[in-house]
Amino acid sequence: MINRAGPRTGKILLKPVVMLLFIMLAQSGLASDLGGFTGTSSRFTADPLSAGTGGITLFINSSTNSYAQNPASPAWLTQRSFDAGMVQLSLDRYIYTVNGSVPLPPTARLGLGLIAAGTRNIEARDSRGYYAGDLNDNEMTYLLSFSNRFSDKLAFGLSLKLLTKRFSSEEDLLDLKGSGFGAGLGIQVKPLAGSTFALAIKDWNSSYKWKTQELFERGSSYQDEFPLSLAWGWLQEFGSTAFAFEHDYYFIGENIMRVAIMWQGLTKLSLNGGFSYEDETVIPGVSARYVLNWKQGPPMHIDLGIRSGINGEGFRNYLGWGVNF
């Protein structure tokens with residue numbers, strides 16, 4: 001997904017400027033800012049719950065996509081689960097998520113999921129400046145996670161990712177594809193009653209591998225790596241209220257801090273509020289979950305979230321739905 005927060009600058013020149021565009025994207029790893037690296041969708045806050053926890057994803061009650069960032073987090077669940085969500089973003093950007101998990105008796109759990117993200121309607125121009133159709137940027141992440149609870153206080157998890165990225169145009173002037181694999185490791189420890197410590201290695205060996213020989217006369221092969229990160233966090237519960245903290249350290253020298261408070265004082269309603277501190281900017285957000293109980297069938301929940309974007313972007317609006325059965 002292209003993070004196009006700011007004035008819309010999607011007008012590009014096709015042939016030969018497409019080559020320049022690809023080089024700029026492929027060499028984004030040389031940028032000093034985290035936003036210049038590939039794999040934006042894997043770092044983007046993608047579900048309503050985490051929108052209200054500052055993007056904390058190390059705990060199952062702070063994110064419905066926690067299995068993707070900390071595969072050990074679902075180990076404490078005993079029911080089957082399914083969740084789906086979407087994010088409304090400015091500048092034709094989108095994120096859709098779907099995931100589910102099932103217990104594997106006696107103490108393991110298997111999870112599957114998909115994250116689809118990208119940017120639509122990037123206006124393209126030819127070398128003369130005439131409109132030449134629209135370009136689309138699409139990222140798909142297929143996820144498989146496995147977790148196992150070794151005791152009432154300790155759980156480990158492993159996640160595997162199949163990554164694909166595609167730049168395409170309406171008139172077939174551009175069809176560039178990249179793919180790769182990645183993995184993650186997670187651990188959760190419950191040292192005290194109401195306390196949870198989490199540690200995760202994210203995007204290990206994740207990358208896109210590009211081959212442009214068929215598209216350009218002097219094409220080549222290139223590997224665009226995701227930034228590896230080590231995240232740790234602490235969740236402390238006090239009755240109906242919980243506090244959470246997360247520190248995400250990227251090995252390119254970048255840090256993101258996240259803090260949240262979660263409240264579940266009512267049977268059907270829970271509320272979250274939090275913020276992240278990244279790139280010297282505080283980004284706040286709130287979220288809510290409402291549980292719908294039916295006379296027949298399992299209870300379902302509706303999740304709503306809103307999170308501030310970077311300067312000039314506006315708000316990011318989140319909607320999610322799920323069921324445990």
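Because the model is predicted, local features need pLDDT of at least 70 and side-chain atom pairs count only at pLDDT 80 or more, whereas totals for chains, interfaces and linings use all residues. Residues are numbered from 1 along each chain as its sequence is written, and side-chain values use heavy atoms, with hydrogens and water left out.

**Overall make-up and confidence**

The protein chain has 325 residues, of which 47% count as buried, meaning under 20% relative accessible area with a 1.4 Å probe and protein chains only. Its secondary structure comprises four helices and 17 strands, taken as DSSP runs (H or I over at least four residues for helices, E over at least two for strands) and numbered from the N terminus. Among contacts with a separation of 6 or more, 53% join residues 24 or more positions apart, a contact being heavy atoms within 4.5 Å. The chain exposes about 15800 Å², and carbon and sulfur atoms supply 61% of that area, computed by the Shrake-Rupley method with a 1.4 Å probe.

The mean pLDDT, the predictor's confidence in each residue from 0 to 100, is 84, and 85% of residues reach 70 or more. Over residues 5-32, however, pLDDT stays under 50, although the model has 54 contacts there beyond four places in sequence. Where pLDDT is low, the predicted coordinates should not be read in detail.

On a 1 Å grid over the protein atoms alone, a cavity is a set of points where a 1.4 Å probe fits but cannot get out, a pocket is an open set with protein on both sides within 12 Å along at least five of seven lines, and lining residues have an atom within 4 Å of a point. Volumes are the space filled by probe spheres set on the points, which are joined across faces, edges and corners.

| Space | Volume | Lining residues nearest the centre |
|---|---|---|
| Second largest pocket | about 990 Å³ | Ile60, Asn61, Leu77, Gln264, Arg289 |
| Largest cavity | about 180 Å³ | Ser42, Arg43, Phe44, Thr57, Gln69 |

Helix H2 (40-43), strand S8 (195-204) and strand S12 (241-250) each supply at least two residues of the lining of the largest cavity.

**Gly111**

Gly111 lies in strand S4 (residues 108-125) and is buried, with a relative accessible area of 3%. Leaving aside residues up to four places away in sequence, Gly111 touches Gly100, Ser101, Leu143, Leu144 and Ser145.

Conventions: Buried means under 20% relative accessible area, exposed over 50%, partly exposed in between (1.4 Å probe, protein chains only).
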